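Please look at the sequence and the model before reading on.

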Amino acid sequence: MIATQAGDAGAQSRLLTLLAGHLRGYFGRRLAGRPADVEDLVQEALLAIHMKRATFDPRLAFTPWALAIARYKLIDHFRRRGARLTLPLDDAGELLAEDNPEEGAVRRDIAALLGRLPARQRALMADVKLTGHSMEEAAARAGMSVTAAKVAIHRAMKRLMKEVADEDL
Amino acid sequence: MKTSELIALMTAVDSSPVSPISPGRRLAMAGLLGVIVALAALALTLGLQPLAAAAHASWFWMKAGYSLSMAVCGLLLLRRLARPGAAPGWAAIIIGVLALAAMAMMAAHASMRAPADHRGALWLGQTWRMCSWRIVLLAIPTFAALIFALRRLAPTRLALAGAAAGLLAGGLSAAVYGLYCRESAAPFVVAWYSLGMAACAFVGALLGPRLLRW
């Protein structure tokens, strides 16, 4: 995590992959029988850990920090599901559909998510992620400075995270 | 989206270095900002009492000390609650309890020493109807600034964090209000200042889960 905070992309990828496994176990034990919800929560917790990585104090232990986020997302999930169960019957189909793990896994279609971003952010995200341009190239193609591109991508990430969270409401 | 794709996406678009946030500093800055706004609002509406004279009075410092102790209690609690995985901390709670106990003892002492027909006046003063309300009102800018700061941090116990933010805002607000309020009796302070600050903490606990969700 300390290497991740320092901007080491390899360490970040390894950490998130490792955490995904742990989180799957954590949520799986607490949400037995709802695999789609488990994977949704794993992704939500990973996003949260990623977006809030600056709030980790490197002088303290990492596990309690990550666990508190996982716990928070789990409680939030229960609260939302509790609210959802009181919705009218029209939504019942949707509710049942979510028990299908396949659908849960592909529900967050990346193209659809990107489609909701403003054109400029979308172009940047597509350049960097989908066509493998470096941040510098993507910035040049969009006619922005590298710093501006980083800020735009950061905003885009934030927005995506919000979209993902809202989808679950 | 598959989880591995999500990880790849997060790593590809955003692996910029971040410097660890120190919540204490951010929250203190937010508190300071709120105090400045509250102070301006108080000076423009009710006005301040002559501070040079008040600074010689022990009751002036008693009120300031009590209010600021509660603010410190709130800040210490909030600093820990602003990040995942930290317990609220006993030091803060001890400061709050001690301040309340000291204030209550001073109030009991003053109340018992006073003649019976004067006792009611010690508890109600001239302004008991307004005091708590004004403390709550003056806490609003600070509370708003604290919520704004907290949203950039990561509180995971939202009601507790909201209550601590309310207590900090209320304590600072009571300290600001003390620059206007001329009530000098300890019983008045322990009743109405405490009520104002407790109301702030209560409202904070109610609003926390709504305002701080992330």
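What span should the 26 residues of helix H9 of chain B have at 1.5 Å a residue, and how far apart are its end C-alpha atoms?

## Helix H9 of chain B

The model discussed here is predicted. Helix H9 of chain B covers residues 186–211. At 1.5 Å a residue, its 26 residues should span 38 Å, and the end C-alpha atoms lie 35 Å apart, which agrees.

H9(B) also contains a kink of about 30°, located at Ala205(B).

## Overall build of chain B

The secondary structure of chain B consists of nine helices and zero strands. Read from the N terminus, the order of elements is therefore written α-α-α-α-α-α-α-α-α. Along the principal axes, the C-alpha atoms of chain B fill a box of roughly 75 × 35 × 25 Å.

## Helix packing within chain B

Two packed helices are described by the angle between their axes and the distance between the axes. Helix H7 (residues 128–151) and helix H8 (residues 158–177) of chain B have axes that come within 7 Å and cross at roughly 135°. This angle makes H7(B) oblique to H8(B). The crossing of the two helices is right-handed. On the side of H7(B), the residues in contact include Leu138(B), Phe143(B) and Leu146(B), while those of H8(B) include Ala165(B), Gly166(B) and Leu172(B). By class, the contact of H7(B) with H8(B) has 15 nonpolar, four polar and one charged residues.

H8(B) also packs against helix H2 (residues 23–45) of chain B, at an angle of about 35° and with the axes 10 Å apart. The crossing of H2(B) and H8(B) is right-handed. H2(B) contributes Gly31(B), Gly34(B), Val35(B), Ala38(B), Leu39(B) and Leu42(B), and these meet Leu168(B), Ala169(B), Leu172(B), Ser173(B), Val176(B) and Tyr177(B) of H8(B). The contact of H2(B) with H8(B) comprises nine nonpolar and three polar residues, with no charged ones.

## Contact between the chains

Chain B and chain A also touch each other: 25 residues from chain B and 39 residues from chain A take part in the contact. On the side of chain B, these residues divide into 14 nonpolar, seven polar and four charged.

One pair of helices from the two chains can be described in detail. Helix H3 (residues 35–51) of chain A and helix H1 (residues 3–13) of chain B pack at an angle of about 15°, with axes 10 Å apart. H3(A) is therefore roughly parallel to H1(B). Their crossing is right-handed. Glu39(A), Val42(A), Gln43(A), Leu46(A) and His50(A) of H3(A) make the contact with Thr3(B), Leu6(B), Ile7(B) and Met10(B) of H1(B). By class, the contact of H3(A) with H1(B) has five nonpolar, three polar and one charged residues.

Conventions: Residues numbered from 1 in each chain as written. Chains lettered and ligands numbered in written order. Predicted model: local features only at pLDDT ≥ 70, side-chain atom pairs only at ≥ 80, totals over all residues. Contact = placed C-beta atoms within 7 Å. Nonpolar A, V, L, I, M, F, W, Y, C, P; charged D, E, K, R; others polar. Helix = DSSP H or I, 4+ residues; strand = E, 2+ residues; numbered from the N terminus. Expected span 1.5 Å × (residues − 1). Bend = angle between axes of the 7 residues up to and from the residue. Axes fitted to C-alpha atoms, helices over the stretch in contact; angles between N-to-C directions. Parallel < 35°, antiparallel > 145°, perpendicular 65-115°, else oblique. Left-handed = near helix turned anticlockwise from the far one by under 90°.
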